[in-house]
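Below is a short briefing on one protein model.

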Amino acid sequence: MKKLSLFFLSLIIVSAVSNYSFAQTGTIVGTVKFVGENPNYPKTVISKDTEICGTEAKPSTKLVLSADNGIKDAFVSVLGVTGEKLSVPTENPVFAQAQCEFTNHVMVVPTGSTVDFPNKEDKVMHNLHSYSMKNRPFNKGVPFGSVISNTFSKPETIKVTCDVHKWMTAYLIVNDDPYYSVTDDNGNYKIENVPVGTYKLQVWQESLGRKKFDVTVTADQETKLDIEMAPRKRRKKT
């Protein structure tokens with residue numbers, strides 16, 4: 001009986017140690033900065049619905065930089081993590097428009113989410129167009145006061161535009177797990193509760209493409225990884 005008790009006690013200890021090891025996590029922090037010659041994308045001239053959209057030219061959203069070249073709206077994610085998965089939210093995420101712009105330039109939603117695309121602010125017609133490859137695409141008019149919805153069942157980065165107001169562009173990123181961050185106005189990112197281990201950290205920015213880095217996460221520690229991104233090289237014509 002005593003031997004049996006010791007056996008079960010050892011199983012409990014092994015299980016506790018195993019669970020403790022799995023639960024060990026760390027944090028990845030850093031800044032994503034632009035290096036190289038700034039492309040200085042031209043501003044967009046507003047030529048339609050100026051009473052709602054305004055008359056002043058709008059700055060390009062393709063590459064938004066801070067004073068010290070921090071990149072806004074870069075998507076930073078940890079690849080290959082075996083851990084927590086995002087659950088579908090009980091309330092639909094909202095991907096809205098106001099003053100003929102999307103209110104979020106880059107928005108991340110869990111896989112399986114149904115996203116609402118309302119036009120509650122602009123007293124004009126928008127026509128939203130998604131360029132999905134893995135999920136069901138849509139191309140629908142959204143009159144003022146209405147809303148359309150779409151379900152996204154597979155991970156993917158999706159460009160969304162307005163066919164009426166050509167300058168309107170944003171990105172919806174459908175993601176399985178919580179190990180990501182979208183950089184703030186100064187290019188800062190922070191990814192918490194990452195299980196310990198060595199991974200690939202991927203950075204995506206709409207005009208600069210994707211870049212991967214090795215990163216090792218240590219238990220209860222912050223791993224600092226500052227990232228530089230440069231313009232993509234153009235292929236020479238043959």
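What share of the contacts in the protein chain with a separation of 6 or more comes from residues 24 or more positions apart? Such residues account for 65% of these contacts, a contact being heavy atoms within 4.5 Å. The model is predicted, with pLDDT of at least 70 needed for local features and 80 or more for side-chain atom pairs, while totals for chains, interfaces and linings use all residues. Residues are numbered from 1 along each chain as its sequence is written, and side-chain values use heavy atoms, without hydrogens and water.

**Chain**
- The protein chain has two helices and 17 strands, taken as DSSP runs (helices H or I, at least four residues; strands E, at least two).
- Of its 238 residues, 42% are buried (under 20% relative accessible area, 1.4 Å probe, protein chains only).

**Aromatic rings**
- There are six aromatic pairs in the structure, counted where ring centres of Phe, Tyr or Trp (its six-membered ring) lie within 6.5 Å.

- One cavity of 30 Å³ or more is found in the whole structure, a cavity being a set of points on a 1 Å grid over the protein atoms alone where a 1.4 Å probe fits but cannot get out.
- The largest cavity holds about 40 Å³, the volume being the space filled by probe spheres set on points joined across faces, edges and corners.
- Its lining residues (an atom within 4 Å of a point) include K72, D73, H105 and W204.

Note on methods
On a 1 Å grid over the protein atoms alone, a cavity is a set of points where a 1.4 Å probe fits but cannot get out, and a pocket is an open set with protein on both sides within 12 Å along at least five of seven lines; lining residues have an atom within 4 Å of a point. Rings of Phe, Tyr and Trp (its six-membered ring) pair if their centres lie within 6.5 Å; planes under 30 degrees apart count as stacked, over 60 as edge-to-face and the rest as tilted. Buried means under 20% relative accessible area, exposed over 50%, partly exposed in between (1.4 Å probe, protein chains only).
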